[in-house]
Amino acid sequence: MSKVSITLQNTDEGRLLVEAIVADNPAAEVSWMPALTKIDCEDRLSLRRETIEARFGRRYDLQELQLSLISLAGNVEEDDDSFTLAWAQGAGSRKA
Amino acid sequence: MNAMPPLPKQRKLSLKERYAHLTRGLGWETTYQPMDKVFPYVSYEGIKIHDWDAWEDPFRLTMDAYWKYQAEKERKLYAVIESFAQNNGHLNITDARYVNALKLFLTGVSPLEYSAHRGYAHVGRHFVGAGPRIACQMQAIDELRHAQTQIHTMSHYNKFFDGLHDPRHMHDRVWYLSVPKSFFEDACSAGPFEFLTAISFSFEYVLTNLLFVPFMSGAAYNGDMATVTFGFSAQSDEARHMTLGLEIIKFMLEQDEANVPIIQKWIDKWFWRGYRLLGLVSMMMDYMLPKRIMSWAEAWEMYFEQAGDALFEDLSRYGIRKPKYHEVASKEKHRLSHEVWSIFYNYTHAAAFHTWMPTEEEMTWLSAKYPDTFDKYYRPRFECWTEMQAEGKRFYNPTLPQLCVTCQIPMGFTEPDDPTTICFRSADYKGERYHFCSDGCKDIFQNEPEKYIQSWLPVHQIYQGNCGGAEVKDVLAWYHLNFGTDNFDYEGSPDQKLWEEWQAQKATNPV
Amino acid sequence: MTVTAIGRYEFKSRDRLENFHGNQVVYWHWEEHLMYCAALALPLPPSMPFRTVLTDILPGCYNLHPEWSRVEWDTVTWMLDQRPFKPVLDASLAANNIGHKSLLRFWTPGLHGIGGCAT
């Protein structure tokens with residue numbers, strides 16, 4: 001078992017991002033610490049632009065995440081609509 | 001100016017397309033000079049790269065987005081720094097002892113940010129692929145920003161507290177600062193691929209969470225809003241750097257099977273180098289934060305043992321295993337901070353920050369967090385020191401210590417399976433003896449002895465007559481340290497006197 | 001093994017004996033007394049008699065420890081550079097085969113640190 005992880009600042013935007021992550025990833029575990037929030041999730045975790053925009057009430061560019069991020073663990077995959085952290089499925093099969 | 005005819009309306013490019021234009025369109029095969037002359041450092045380390053375009057920044061950050069978001073981070077940070085200064089934020093920290101962690105940070109860590117700036121500017125010039133070059137150049141600018149914002153933020157404390165007045169000079173001379181300095185110089189004097197494995201992967205990805213996350217959260221908990229803000233402003237870049245670290249490792253591993261053993265050796269070396277350096281962080285967390293978030297042992301479990309397990313399981317598909325001696329680091333987690341604090345307590349008369357004995361309440365916390373070690377091995381020592389101090393005979397070790405040739409820390413670490421006996425390791429090279437604190441440091445020496453026989457060991461330099469004189473006072477003057485104010489115990493320091501005056505004012509003059 | 005480098009890579013040791021102005025560095029460590037956090041580094045002339053270190057040098061290093069006054073040198077056991085060792089007290093350090101950057105560890109029977117816990 002491997003968990004991916006993302007840590008965000010406890011700012012207004014950070015709090016809304018945490019809500020959006022929890023909404024999209026029901027398995028996410030949230031830990032609060034002074035000034036930061038750490039979210040862990042088994043194998044993978046995704047942020048969807050749509051979910052964030054619904055909470056922010058405005059257009060959101062996923063690259064704005066740069067302003068709230070503190071740390072992350074996992075392989076990153078980002079495009080215009082989603083930001084995903086994941087560990088490789090089926091470790092052991094070496095890429096060509 | 002003549003009005004330009006309006007351009008035909010174009011579809012906005014996607015993130016992937018914008019990134020492809022930046023990193024695939026801007027590189028070219030040189031013709032005036034052969035490529036190996038233009039990029040002279042990319043092959044001598046033995047790393048084989050067949051397709052530079054296989055490297056991609058998963059954030060796909062383009063220059064316009066980079067400037068936009070970095071400018072926004074700076075605006076936010078400077079707003080906090082200004083309001084902290086205007087509102088006398090230093091009066092709201094939990095206790096002035098906390099400021100000593102900032103002194104260590106400013107002299108030990110901030111100069112590393114500047115070294116990282118130079119390191120990434122260098123390797124950013126020397127990679128063939130435009131993708132990694134641009135990522136390294138962005139990181140070079142980030143690191144310069146970190147050095148500047150840290151110095152700027154802490155300059156506020158320098159108006160009131162001792163020991164913060166000359167961090168750059170101290171970094172090059174003060175005995176314990178040779179530990180971070182030599183760590184980074186070791187990385188910067190390696191080739192570009194080893195540098196990235198060292199700093200981007202082993203340090204940024206595997207280890208710096210331990211410095212920036214729980215320690216900065218601790219800064220917030222102790223009322224230091226200025227530091228937590230620069231910490232997290234830097235750390236928001238750090239998340240990108242960590243991603244670069246993981247991507248560059250995967251890129252090298254995927255390019256050629258022959259790269260795997262070279263990278264494993266670097267991971268082994270730089271894990272241990274970084275772990276030893278973080279010994280300083282362990283004492284900052286367990287001893288220098290008046291209000292504590294989590295212990296070093298808990299942080300090690302969360303950020304190395306759990307997160308590292310997931311990471312190295314992911315990398316096992318390439319044939320990479322966990323770094324050598326990771327189990328020794330886990331064995332040491334219940335004593336590391338106590339041993340390091342003891343070292344600094346021994347030699348506080350030669351340091352640019354104060355140390356102290358924990359209060360009874362703090363010892364209770366340490367006992368609870370370290371139930372198998374604290375009461376058994378360290379409490380009796382601390383109680384003896386506390387008594388000596390009460391009798392007016394505060395303990396200072398009058399003789400300089402033996403240092404490890406590799407990590408340069410005084411040889412105060414104990415055997416992995418025996419916390420009562422110092423771990424001594426040694427090796428002979430060309431007829432001369434060299435001493436190490438651990439098997440990890442000895443292996444690193446034996447793999448590259450010609451590098452470490454050049455170690456600038458502060459104790460030996462003093463004895464060779466290269467540090468301003470033979471007396472402590474002479475050496476401290478050469479360090480630019482003010483004898484009697486910057487050094488010695490917190491008890492009786494000018495910092496303490498000033499802090500107590502402020503507290504008395506607060507009590508008589510409530511706002 | 002050697003350093004992977006872009007050219008010839010050979011250097012003199014920075015801590016070679018000739019840099020210490022006639023002294024050699026010798027490390028001393030009182031086992032089970034970790035109030036002194038690490039072994040001590042002392043620059044000493046190779047011609048100095050071993051006994052002189054015990055009578056004139058080490059007391060200034062260790063006498064802050066409450067057990068120091070109870071050390072009896074006849075009962076002490078020694079290790080020199082990882083081997084058991086019996087010093088000849090009136091011979092010089094050099095004649096005792098103590099060289100540059102040698103390490104001497106000593107155990108004091110009956111004295112195991114404050115509270116018997118190696119402090």
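These legends describe close-up views of a predicted model.

**View 1. The interface of chain B and chain C.** Here 54 residues of chain B are in contact with 46 residues of chain C. Together the two chains bury about 4,200 Å². Carbon and sulfur atoms account for 59% of that area. Three residues, Phe424(B), Arg433(B) and Gln464(B), supply 15% of the area that chain B buries against chain C, more than any other three residues.

**View 2. Salt bridges and polar contacts between chain B and chain C.** Two salt bridges are found across this interface. In one of them, the side chains of Arg433(B) and Asp81(C) meet at 3.3 Å, N to O. The interface also holds 23 residue pairs in polar contact.

**View 3. The side of chain B that touches chain C.** Elements giving two or more residues to this side include α15 (336-346), β2 (418-422), β4 (432-436) and α18 (439-447) of chain B. The largest share, seven residues, comes from α17(B). By type, this side has 26 nonpolar, 19 polar and nine charged residues.

**View 4. The aromatic pair Phe84(B) and Tyr157(B).** Over all chains, the count of aromatic pairs comes to 66. In this pair the ring centres are 5.8 Å apart and the planes stand at 45°, so the pair is tilted. Phe84(B) lies in helix α3 (residues 63-86) and Tyr157(B) in helix α5 (residues 130-158), so the pair ties together parts 73 residues apart in sequence. Both Phe84(B) and Tyr157(B) are buried.

**View 5. The aromatic pair Phe436(B) and Phe445(B).** The ring centres of Phe436(B) and Phe445(B) lie 4.9 Å apart, with planes at 45°, so this pair is tilted. Both Phe436(B) and Phe445(B) are buried.

Note on methods:
Residues numbered from 1 in each chain as written. Chains lettered and ligands numbered in written order. Predicted model: local features only at pLDDT ≥ 70, side-chain atom pairs only at ≥ 80, totals over all residues. Heavy atoms only, no water. Contact = heavy atoms within 4.5 Å. Buried area = accessible area lost by both parts, 1.4 Å probe. Salt bridge = Lys/Arg side-chain N within 4 Å of Asp/Glu carboxyl O. Polar contact = N/O pair within 3.5 Å; in protein donor to acceptor, adjacent residues only side chain to side chain. Helix = DSSP H or I, 4+ residues; strand = E, 2+ residues; numbered from the N terminus. Nonpolar A, V, L, I, M, F, W, Y, C, P; charged D, E, K, R; others polar. Phe/Tyr/Trp six-rings, centres within 6.5 Å; stacked < 30°, edge-to-face > 60°. Buried < 20%, exposed > 50% of the residue type's maximum accessible area, 1.4 Å probe, protein only.
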